[in-house]
Amino acid sequence: MKLQDPNILKNQCYIDSVWVNADNNQTISVTDPATGETITSVPKCGSNETRRAVDAAELAFQGWHKRTAKERSVLLRRWYELMIEHKEDLALIMTREQGKPLTEARSEIDYAASYIEWFAEETRRVYGETIPSPWDSARLLVLRQPIGVAAAITPWNFPAAMITRKAAPALGAGCTIVIKPASQTPLTALAIAELAHRAGFPPGVFNVVTGSAADIGEELTSNPKVRKLSFTGSTEIGSQLMSESAATVKKVSLELGGNAPFIVFDDADLDAAVEGVIISKYRNTGQTCVCANRIYVHDKVYDIFASKLAAAVSKLKVGHGTEDGVTQGPLIDMRAVDKMESHINDATSKGAKVILGGKRHKLGGSFFEPTILTGVTQQMMVAQDETFGPLAPLFRFETEEEVIAHANDTRFGLAAYFYSRDIGRIWRVGETLEYGMVGLNTGRISTEVAPFGGVKASGIGREGSRHGMDEYLEIKYFCMDGL
Ligand code: ADP
């Protein structure tokens, strides 16, 4: 890999400010999903190394939370600047291990860095409260204090942003953190750790342990020194980690699967809605938890919308993320390809039609053609299960009540989108959708300034915005009497 600063490519774990191998020197290899090539390998750590990282984080917490908010803010700001300075290298590392087009990788680095910048600012505004006292002699205060050692387990689809939106508020709040990145994308995490090192965080404040998900996860959830677990990934693993964390009563934040509805009403601006689908469905080759998974189109505009969408999707360019002009990289692995195929086969066997794509791409490997299905119904697998790939299934509807019922008929509740210009409908639908995030007339909702998170089986807690810091803070009621 040709990097401007080759020193940010690391293949060791970062524990207590030291780069280390696994105790038994075992490794896991990191591959390029576009070519199947092995890029390098990283340590396959387990519970012992994780315990050491937690110990280091606990020790570091003693000094870190006593620093002034301004001191923590200055270090975060420096880290943010280093991410921006190294954007090109970070993006290239990400594209190689994750597959997304370089342009998307660059915007992810901007997005990831924006969380650090935001929480560098928020750090200085962790205000307490005073409460009018019911007793003459007493004064009542509320202090907001860091919870302690935090742990983060992150996925491969956003290898940088899912780390910074946990680590930045944790460090800003005064917590220390141990991170386990996804095994598919550890290099981005380790490069970010190198930049945190250069920013000057004290030893033990920020740690990254790569390796066995089950062993590291078990240590993080069972270790009583860890007071907070923040996880982004599948509902299945999130719920498992939540039960593992129950024994030590940890505070948990979970950002889990979605099954986003995207509703196009008959009064919508159809060209804008097509653009929204391209952004929401095809970004990261359909591998985001806020990707539109079910596209409901009103009967009156269904056919015209389907043909406009097909025209737009056929312009997408599939290829290696490092090639110019590519908008669709490979899927992360062959399991993802199997899921695409099973959703398409299930739908077509029940009467849906493929109007674009529908099969593996001629580039081979895990490349897949951007696909559109029409005639999709609630009885098909794709209505209940997140595809996590470039498949746009078009459902037909006639009434607002019917489409809202269908949109809410899922155990998930992360993001929802709808297109309309009718103000009455906008309020009705916006308030009735059972989702943590709703986008009106847009396919783009994510920003560091707004609360990201879901309801129902999509999770607990919010990341980003002023609420994101609360996940790493405890509230202490301080009753001062005898004054
Ligand atoms: P995905 O299907 O998107 O890979 P996962 O929920 O399996 O989603 O993975 C998200 C993160 O959870 C990754 O870092 C993965 O390594 C980690 N993970 C997977 N299984 C476990 C487990 N049993 N304990 C702890 N972490 C796990």
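**Close-up views of a predicted model**

**View 1. The shell around the ligand.** Helices α7 (213-222) and α8 (235-246) each contribute at least two residues to the shell around the ligand, helices being DSSP runs of H or I with at least four residues, and strands runs of E with at least two, numbered from the N terminus. This is a predicted model, in which local features need pLDDT of at least 70 and side-chain atom pairs count only at pLDDT 80 or more, whereas totals for chains, interfaces and linings use all residues. Residues are numbered from 1 along each chain as its sequence is written. With 3 residues, α7 gives the most to this shell. Of the 13 residues around the ligand, those that come nearest are A213, G217, G233, S234 and I237, a residue being near if its C-beta atom, placed from the backbone, lies within 6 Å of the molecule.

View 2. E255 is placed in strand β11 (residues 251-255) and counts as buried because it has 27 C-beta neighbours inside 10 Å (20 or more make a residue buried, 12 or fewer exposed, and numbers in between partly exposed). Residues up to four places away in sequence aside, E255 touches T232, G453, G454, G459 and E463, contact meaning C-beta atoms, placed from the backbone, within 7 Å.

**View 3. The surroundings of I295.** I295 belongs to strand β13 (residues 292-298) and, with 26 C-beta neighbours inside 10 Å, counts as buried. Beyond its neighbours within four places in sequence, I295 is in contact with F262, V277, A392, P393, L394 and F395.

Key
Contact = placed C-beta atoms within 7 Å.
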